[in-house]
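Hi there,

Here is the structure I said I would pass on. Have a look at it first, then read my notes below.

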Amino acid sequence: TMLLHGGADTDVPFAAAERMVAVLEAEGIAYEFVTQASWNHVFDQEEAGSPAVQEAFEWVIVFLDKHLK
């Protein structure tokens, strides 16, 4: 499980990601939580080419390479 969350996200509170982390830990589910203070809700369509989205995608590729090989 991978969680990505921006500290500047105004659509989804950062506390929601923290609650998800707590549940994953309580259930013993392995996860990676990647956060960046400057990220907002960057996966909106109009921001697809932004540096923040590109950085997030790089994290996703690392995660997938690690877990799918």
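Which residue forms a salt bridge with K66? The partner is E32, and the closest N and O atoms of the two are 3.1 Å apart. A salt bridge here is a side-chain nitrogen of Lys or Arg within 4 Å of a carboxyl oxygen of Asp or Glu. The pair ties distant parts of the chain together: E32 sits in strand β2 and K66 in helix α2, 34 residues apart. The structure holds one salt bridge, so this is the one to look for. In general, side chains of opposite charge can pair when their charged atoms come close. K66 itself is exposed, with a relative accessible area of 57%. (Buried means under 20% relative accessible area, exposed over 50% and partly exposed in between, using a 1.4 Å probe and protein chains only.)

Before you go further, some housekeeping. This is a predicted model: local features need pLDDT of at least 70, side-chain atom pairs count only at pLDDT 80 or more, and totals for chains, interfaces and linings use all residues. Residues are numbered from 1 along each chain as its sequence is written, and side-chain values use heavy atoms, with hydrogens and water left out.

Now the overall layout. The chain has two helices and two strands, and along the sequence they come in the pattern β-α-β-α. Helices (H or I, at least four residues) and strands (E, at least two) are DSSP runs, numbered from the N terminus. The C-alpha atoms fill a box of roughly 35 × 30 × 15 Å along the principal axes. Of the 69 residues, 23% count as buried.

Let's take α2 next. This helix covers residues 51-68, and its 18 residues should span 26 Å at 1.5 Å a residue; the end C-alpha atoms are 25 Å apart, which agrees.

(A nonpolar core is a set of buried Ala, Val, Leu, Ile, Met, Phe, Trp, Tyr and Cys residues joined through side-chain atoms within 4.5 Å.) Leaving out residues up to four places away in sequence, A52 touches W39 and V42, where contact means heavy atoms within 4.5 Å.

Then there is α1, with 13 residues and a reach of 19 Å from first C-alpha to last, close to the expected 18 Å. Its buried residues are A17, V21 and L24. Down the axis of α1 they fall within an arc of 65°, so they line one face too. They pack against β1 and β2, while R19 and A26 are exposed on the face turned away. Just after α1, G28 takes a positive phi of about 70°.

Happy viewing!

How values were computed
The expected span of a helix is 1.5 Å times one less than its number of residues. The arc is that of the directions from the helix axis to the C-beta atoms.
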